[in-house]
Amino acid sequence: MFTNDIYFWQAFRNTLILSLIKLFLNTGAAVIISLLLNEITNMIFKKTVQTIIYLPHFMSWVVVASVFKMLLAPYDSAPVNSILINMGVIDTAVDFMNSTAYWRGTFYIMNVWKDTGWGTILFLATLSGISPDLYEAAQIDGANRWKRLIYITLPALANTIITVFILNLAKVMNLFESVFVTQSAGTYDVSQVLQTYIYNKTFSASFSDYGYTTAVGLFKSFVGMILVLGCNYASKKVRGRGIV
């Protein structure tokens, strides 16, 4: 596995790249949207926007992949390609879903669209627990909106951000469904991850080697444990305590 299988290392590298970038993008998007929603004073509008953002979380990855395949279809009449051609950004239709140059970017956009809503609920719950007296006292002392964000809101969110980050880090190596429903033979170089590699090696090959794929799965679990313990150690250094 370590010395004679180049496809294993390719899948391992893709797993780390896709999972970690997705984790940072999803967490960052959830924090930013939560902060924006927290500034909305009209409760009806706020709840409506929050519901719209949260709805994609309930869709299965099969539905999400089908929707994006229709939006990003490699035809001039497809919505995204049509808009880009009319804007002069591209001259001919681009195959976003089956091109190694565009697949990862498309994958990240799909994940942010689907999973950001779940994160906003967690962060908005934390924001609602911040005492208004802190903001009033800071405003009396002359702190503008930006300083109140830096010195009150973000420190209050820090513990929640770290906790969510650590919990999601435990799932870094378990990337499967979102990749499996969007990858194709032409994008394996950038989309093959350990879970899909194990699946293909076990069920799609002419000779199934269960012992080998079990070893790959054990290695995947070991790396996931190291990542979680490492992040938990960093949490102890930053805020004085961990969650494990």
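**Close-up views of a predicted model**

View 1. Leaving out residues up to four places away in sequence, L194 touches F8, A11, F12, T15, M173, V216 and K220, where contact means heavy atoms within 4.5 Å. The model is predicted, and local features need pLDDT of at least 70 while side-chain atom pairs count only at pLDDT 80 or more, although totals for chains, interfaces and linings use all residues. Residues are numbered from 1 along each chain as its sequence is written, and side-chain values use heavy atoms, with hydrogens and water left out. The largest nonpolar core has 19 residues, of which F8, F12, L169, M173, L194, Y197 and V216 touch the most other members; such a core is a set of buried Ala, Val, Leu, Ile, Met, Phe, Trp, Tyr and Cys residues joined through side-chain atoms within 4.5 Å. Two or more residues of this core come from each of α1 (6-38), α7, α10 (194-204) and α11 (210-239), and α11 gives the most, with six residues. A second, separate core of 13 residues includes L35, I130, L157 and V164.

**View 2. N111 in helix α5.** N111 lies in helix α5 (residues 103-128), helices being DSSP runs of H or I with at least four residues, numbered from the N terminus. N111 counts as buried because its relative accessibility is 1%, the limits being under 20% relative accessible area for buried, over 50% for exposed and partly exposed in between (1.4 Å probe, protein chains only). A polar atom of the N111 side chain lies 2.8 Å from the backbone oxygen of F107. Apart from neighbours within four places in sequence, N111 is in contact with K22, N26, W61, T116 and S178.

**View 3. L127 in helix α5.** L127 is also found in helix α5, and this residue is buried, with a relative accessible area of 4%. Not counting residues up to four places away in sequence, L127 touches S34, L35, N38, T153 and L157. L127 and W61 are 66 residues apart along the chain, and their C-alpha atoms are separated by 30 Å.

**View 4. Exposed N86 in helix α4.** N86, in helix α4 (residues 79-87), is exposed, with a relative accessible area of 64%. N86 and D76 are 10 residues apart in sequence, and the C-alpha to C-alpha distance between them is 9.7 Å.

Notes. A polar contact is a pair of N or O atoms within 3.5 Å; within protein, one must be able to donate a hydrogen and the other to accept it, and residues adjacent in sequence count only if both atoms are side-chain atoms.
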